[in-house]
Amino acid sequence: MPIRQVALFRGINVGRAKRVAMADLRRLAADLGHSEISTLLNSGNLIYTAAKRRSDAATRLQQAMSEHLGVSARVIVLSADEVDTIIAANPLLPMVDDPSRHLVCVLANPDDAHRVRSLKAAAPEALAVTGRAVYLWCAHGILDSTMLDALGKLLGDAHTARNWATWLKIQAQLRL
């Protein structure tokens with residue numbers, strides 16, 4: 001049964017490193033047999049329909065990008081239902097007054113959630129963990145967030161983050 005998915009590429013097109021054209025990502029997805037392919041923004045959000053759910057979907061995309069584009073980056077793949085769950089479970093939404101300061105990180109390994117829970121947010125920042133999603137409120141902006149920095153030190157590249165506005169756009173594209 002076909003399944004709508006989003007592949008979240010970590011750290012591509014940030015600064016000068018790991019530059020990847022979105023047309024190249026769409027071509028990779030097509031070469032892997034996916035259909036109804038689109039990208040969102042220039043930051044590595046690849047939305048597509050897969051013929052079936054595959055446990056190695058992220059690995060296949062990572063390998064294809066490395067082999068064909070010469071760029072290595074972590075990929076996390078979520079189904080449309082998983083994105084809906086992440087959005088619906090957001091415990092920090094009542095405090096969000098600026099979607100660009102509210103990040104939702106997805107863990108590559110859901111078992112890392114217990115490690116993230118050990119982090120303590122200092123006001124006015126906030127952190128919550130639900131399933132494999134980490135919700136961050138960066139009151140002074142993401143560049144000045146001590147929580148985002150601590151999360152990066154704890155997990156390395158085993159997570160990827162998008163702001164709240166991007167998550168809502170991903171959800172809308174998955175439902176087209």
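Strands S2 (residues 35-40) and S3 (residues 45-50) pair in the antiparallel sense over four bridges. Strands here are DSSP E runs of at least two residues, helices are H or I runs of at least four, and both are numbered from the N terminus. Two strands pair if DSSP finds at least two bridges between them. This is a predicted model, in which local features need pLDDT of at least 70, side-chain atom pairs count only at pLDDT 80 or more, and totals for chains, interfaces and linings use all residues. Residues are numbered from 1 along each chain as its sequence is written, and side-chain values use heavy atoms, leaving out hydrogens and water.

- S2 and S3 form a hairpin with four residues between them. Leu41, in the turn, has a positive phi of about 60°.
- Thr39 has Leu46 of S3 as its bridge partner. Leu40 stands opposite Asn45 in S3.
- Strand S1 (residues 3-9) is joined to S3 by six bridges, and the two run antiparallel. Arg4 has Thr49 of S3 as its bridge partner.
- S3 is mostly covered, with six of its six residues buried. Buried means under 20% relative accessible area, exposed means over 50%, and partly exposed lies in between (1.4 Å probe, protein chains only).
- Asn45, Ile47 and Thr49 point one way from S3, while Leu46, Tyr48 and Ala50 point the other way. All of them are buried.

**The four-stranded sheet**

- Four strands form an open sheet in the order S6-S7-S5-S8, with antiparallel pairing.
- Strands S6 (126-130) and S8 (159-163) stand at the edges. Each has a single partner strand, so one side of each is left without a neighbour in the sheet.
- Neighbouring strands of this sheet are turned by 20° against each other on average, direction ignored. Axes are lines fitted to C-alpha atoms, for helices over the stretch in contact, and angles run from 0 to 180 degrees between N-to-C directions.
- S5 and S8 run antiparallel and are joined by five bridges. Leu107 stands opposite His159 in S8.

**Helix H6 and its packing**

- Helix H6 (residues 164-174) lies across S5 and S8. H6 runs at about 90° to S8.
- At the start of H6, a side-chain oxygen of Asn163 reaches to within 3.0 Å of the backbone nitrogen of Ala165.
- The buried residues of H6 include Trp164, Thr166, Trp167, Ile170, Gln173 and Leu174.
- H3 and H6 pack at an angle of about 145°, with their axes 10 Å apart.
- The crossing of H3 and H6 is left-handed. A crossing is left-handed if the near helix is turned anticlockwise from the far one by less than a right angle, and right-handed if clockwise.
- From H3, Ala80, Val83, Asp84, Ile86 and Ile87 meet Trp164, Trp167, Leu168, Ile170, Gln171 and Leu174 of H6. Contact means heavy atoms within 4.5 Å.

**Asn90**

- Asn90 lies in the loop between helix H3 (80-88) and strand S5 (102-107).
- Asn90 counts as buried because its relative accessibility is 8%.
- The Asn90 side chain reaches the backbone nitrogen of Leu92 at 2.9 Å. The side chains of Asn90 and His102 are joined by a polar contact of 2.8 Å.
- A polar contact is a pair of N or O atoms within 3.5 Å. Within protein, one atom must be able to donate a hydrogen and the other to accept it, and residues adjacent in sequence count only if both atoms are side-chain atoms.
- Leaving aside neighbours within four places in sequence, Asn90 is in contact with His102, Tyr135 and Trp164.

**Arg74**

- Arg74 sits in the loop between helix H2 (57-69) and strand S4 (75-79).
- At 28% relative accessibility, Arg74 counts as partly exposed.
- Not counting residues up to four places away in sequence, Arg74 touches Leu8, Phe9, Arg10, Gln62, Ala108, Asp157 and Ala158.

**Cysteines**

- The structure holds zero disulfides. A disulfide is a pair of cysteine sulfur atoms within 2.5 Å.
- The sulfur of Cys105 is 8.0 Å from the closest cysteine sulfur, in Cys138, which is too far for a bond.
- Cys105 counts as buried, at 0% relative accessibility. Cys138 also counts as buried, at 0%.
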